[in-house]
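Have the picture open while you read, and follow along piece by piece.

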Amino acid sequence: MKIAIGNDHAAVELKNQIMAYVKELGHEVENYGTDANASCNYPEYGEKVARAVAGGRADCGILICGTGVGISIAANKVKGIRAAVCSDVTTARLVKEHNNANIIAFGARIVGEELAKDIVKSYLEAEFLGGRHAERVAMIEEIESREG
């Protein structure tokens, strides 16, 4: 699987740890984030990852900023993206199984390295369940299609 990853200045170290971990799991990783600790703007990196996923250049994405919230909000502005903030493994599994989230996000100031790895693994191992969940995802897509 090809995974796009992006981050802001608050998450450089955690991004590097997660990139290495994802590669250990046997996936390809494309870095769309910053490698500098200087203050930068998280919306730029949320958009880059979202466009890579929406455009089919990546199968899914991982976003990391201070909390995971701002960068996920930016990603969700791109049509076709369902980015979800995950601070625990159960949420990471369920956003894939129930919402078919194509990007997960978490905060470098919220979760540590080991929990972040567990979140990523839980998400990557989960599969969309379809059924009633597919109907709900279709409803979300319908809302999105009505937006200008």
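Strand 1 and strand 2 pair in the parallel sense, held by four bridges. (Strands here are DSSP runs of E with at least two residues, helices are runs of H or I with at least four, and both are numbered from the N terminus; two strands pair if DSSP finds at least two bridges between them.) One spot to look for is Ile5, whose bridge partner in strand 2 is Asn31. Strand 1, residues 2-7, is also joined by five bridges to strand 3, residues 60-65, and these two run parallel. Here Ala4 has Gly61 of strand 3 as its bridge partner.

Before going on, a word on where this comes from: the model is predicted, so local features need pLDDT of at least 70 and side-chain atom pairs count only at pLDDT 80 or more, while totals for chains, interfaces and linings use all residues. Residues are numbered from 1 along each chain as its sequence is written, and side-chain values use heavy atoms, with hydrogens and water left out.

Five strands make an open sheet, in the order 2-1-3-5-4, with parallel pairing. From one strand to the next, the twist averages 25°. (Angles run from 0 to 180 degrees between N-to-C directions, with axes fitted as lines to C-alpha atoms, for helices over the stretch in contact.)

Helix 1 (residues 12-24) packs on this sheet, touching strand 1, strand 2, strand 3 and strand 5 (103-107), and its direction makes about 170° with that of strand 1. Touching, or contact, means heavy atoms within 4.5 Å.

| Helix | Residues | First to last C-alpha | Expected span |
|---|---|---|---|
| Helix 1 | 13 residues | 19 Å | 18 Å |
| Helix 5 | 13 residues | 18 Å | 18 Å |

Next, what is tucked away? Buried means under 20% relative accessible area, exposed means over 50%, and partly exposed is in between, using a 1.4 Å probe and protein chains only. In strand 1, five of the six residues are buried. In helix 1, the buried residues are Val12, Leu14, Lys15, Ile18, Met19, Tyr21 and Val22. Their cover includes strand 1, strand 2, strand 3, strand 5 and helix 5. Helix 5 has its own buried set: Ala116, Lys117, Ile119, Val120, Ser122, Tyr123 and Leu124. Lys117 counts as buried because its relative accessibility is 16%. Leaving out residues up to four places away in sequence, Lys117 touches Ile18 and Tyr21.

On to the nonpolar cores. A nonpolar core is a set of buried Ala, Val, Leu, Ile, Met, Phe, Trp, Tyr and Cys residues joined through side-chain atoms within 4.5 Å. In the largest one, which has 24 residues, Ile18, Ile62, Ile64, Ile104, Phe106, Val120 and Tyr123 touch the most other members. Two or more residues each come from strand 1, helix 1, strand 3, helix 4 (89-97), strand 5 and helix 5 (113-125). Which element gives the most to this core? That's helix 5, with five residues. There is also a second, separate core of 18 residues, including Tyr45, Val49, Leu63 and Ile81.

Ala108 sits in the loop between strand 5 and helix 5. Its relative accessibility is 24%, so Ala108 counts as partly exposed. Beyond residues up to four places away in sequence, Ala108 touches Ala10, Ala11, Leu14, Ile64, Cys65 and Gly66.

Finally, the whole chain. The protein chain has six helices and five strands, running β-α-β-α-β-α-β-α-β-α-α from the N terminus. Its radius of gyration (taken over C-alpha atoms) is 14 Å, close to the 15 Å that the globule rule gives for 148 residues, so the chain is as compact as a globular protein of that length. That rule is 2.2 Å times the number of residues to the power 0.38. Of the 148 residues, 47% count as buried.

Key. Expected span 1.5 Å × (residues − 1).
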